[in-house]
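Dear colleague,

I am passing on the structure below, and I would be grateful if you could look through it before reading my notes. The notes that follow are meant for someone who has not seen it before.

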Amino acid sequence: MSIPIIRTYKDSNDLKRMQKLTQAIWSLEPNYHIGDLAWQRYRHAGREDDWDTAIWEMDGNPVAWGWIQKPGELICQVNPDFPVVAKDVIDWFDKITKTNEQKVNVLETESHLISALEDFLFNPLAENPEILTKISLDSCSFPVKLPDKFKGRHIKGFEDITNRVAVHKAAFHKSRVTEESYLNVMNTYPYDSSLDWIIESPNGEFVASCLIWFDEVNKVGLLEPVGTDARFRRMGLASSVCKLALNALSEKGAKTAVVVCTSPDAFELYKSIGFEKFAQTKSFHRLKNTK
Ligand SMILES: CC(C)(COP(=O)(O)OP(=O)(O)OC[C@H]1O[C@@H](n2cnc3c(N)ncnc32)[C@H](O)[C@@H]1OP(=O)(O)O)[C@@H](O)C(=O)NCCC(=O)NCCS
């Protein structure tokens, strides 16, 4: 077996390398979708100094990536066919983390990552997991009924960017998304404005939104993010905008959609549409000076 080569993240070509691995191991239901990587990398501008990122390659192909959010939080993916590389990733994380507490988020089914963490004396953290849910699109389309004079559509492109950012910020309190960062998102594979849906109020204001990222290879879409302006909640708008975007996704040939639920409200929303749980996250931590 070749020795894995580690390369430090430099530019958007490295994001593509990370996405290549994420796409290649998708059928194993891993923690990340190519859209997660695009959204997390570009939703905020000027975050590069907050991160350390590395990719492990064998024979020119990515087998693992690690992404440290400073001071000490790691997310990663390791191809389960090369479990030994998981130790290299944790070792890299260990060596370059400067803070006392180190935290790693994995899926509870990623046994190759969990056993590497246990080898490095990480302990499970008692905190609420994120719930991963999915829905089959075989029986689409979803019927959608909006309140009187509200309209749903996908965004047309850059001309909608100001309103698109405004609706995101109206849903996500204190969001750092800006027009500059959203432009970066729109320029990142696999962003597709025909899967970026909004609801307009009767006066033309954007009041709910749902962005879907489509992995054409695996025929799976990821909803990220979804939100409703706090003044317009519990009117069925998030449900409607998701269904409109899911119908568009289905027309493009997707067979499945997935979404990560980070709160009980979000879980209730996606459950009401028909999403079902298929996995959940598990966090581990370690205090460096007690290892
Ligand atoms: C979660 C969120 C998107 C829901 O938006 P919304 O437009 O109010 O949702 P809807 O009106 O379409 O709700 C549809 C169904 O979802 C469920 N639901 C939605 N919000 C809920 C809540 N706060 N508590 C419990 N159930 C909820 C209900 O079943 C609801 O149907 P009902 O109103 O007939 O009971 C909104 O609260 C929000 O933007 N939150 C902040 C951002 C966020 O967390 N986004 C999701 C993660 S990406």
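**Notes on the structure**

D59 lies in the loop between β2 (51-58) and β3, where helices (H or I, at least four residues) and strands (E, at least two) are DSSP runs numbered from the N terminus. The phi angle of D59 is near 50 degrees, a positive value in a residue other than glycine. Please bear in mind that this is a predicted model, in which local features need pLDDT of at least 70 and side-chain atom pairs count only at pLDDT 80 or more, while totals for chains, interfaces and linings use all residues. Residues are numbered from 1 along each chain as its sequence is written.

One joins K70 and P71, with omega about 15 degrees, and P71 is found in the loop between β3 (61-69) and β4 (73-78). Another joins E224 and P225, with omega about 0 degrees, and P225 has its place in strand β11.

Turning to the domains, the chain is divided into domain 1 (5-127 + 282-290) and domain 2 (139-254), with bounds that come from an automatic or database domain assignment. The centres of domain 1 and domain 2, taken over C-alpha atoms, are separated by 28 Å. Between them, 14 residues of domain 1 are in contact with 18 residues of domain 2, contact meaning that the C-beta atoms of two residues, placed from the backbone, lie within 7 Å. On the side of domain 1 that touches domain 2, the elements giving two or more residues are α1 (12-24) and α2 (34-42), and the largest share, six residues, comes from α2. By class, that side of domain 1 has six nonpolar, five polar and three charged residues; here Ala, Val, Leu, Ile, Met, Phe, Trp, Tyr, Cys and Pro count as nonpolar, Asp, Glu, Lys and Arg as charged, and the others, Gly among them, as polar.

The ligand is surrounded by 21 residues, of which the closest are T228, R233, A238, S239 and E268, a residue being near a molecule or strand if its C-beta atom, placed from the backbone, lies within 6 Å of it. At least two residues of this shell are supplied by each of β11 (220-228), α7 (237-251) and α8 (264-273), and α8 provides the largest share, five residues. The shell around the ligand has ten nonpolar, seven polar and four charged residues.

How do the axes of α7 and α8 cross? They come within 10 Å and cross at roughly 55 degrees, the axes being lines fitted to C-alpha atoms, for helices over the stretch in contact, with angles that run from 0 to 180 degrees between N-to-C directions. The two helices α7 and α8 are therefore oblique to each other, since angles under 35 degrees count as roughly parallel, over 145 as roughly antiparallel, 65 to 115 as roughly perpendicular and the rest as oblique. In their contact, A238, S239, C242 and K243 in α7 meet L269, S272 and I273 in α8, and these residues divide into four nonpolar, two polar and one charged.

A further helix pair is formed by α3 (residues 84-96) and α4 (residues 111-119), whose axes come within 9 Å and cross at roughly 50 degrees. Here A86, K87 and I90 in α3 meet H112, L113, A116, L117 and D119 in α4, a contact made up of five nonpolar, one polar and two charged residues.

With best wishes
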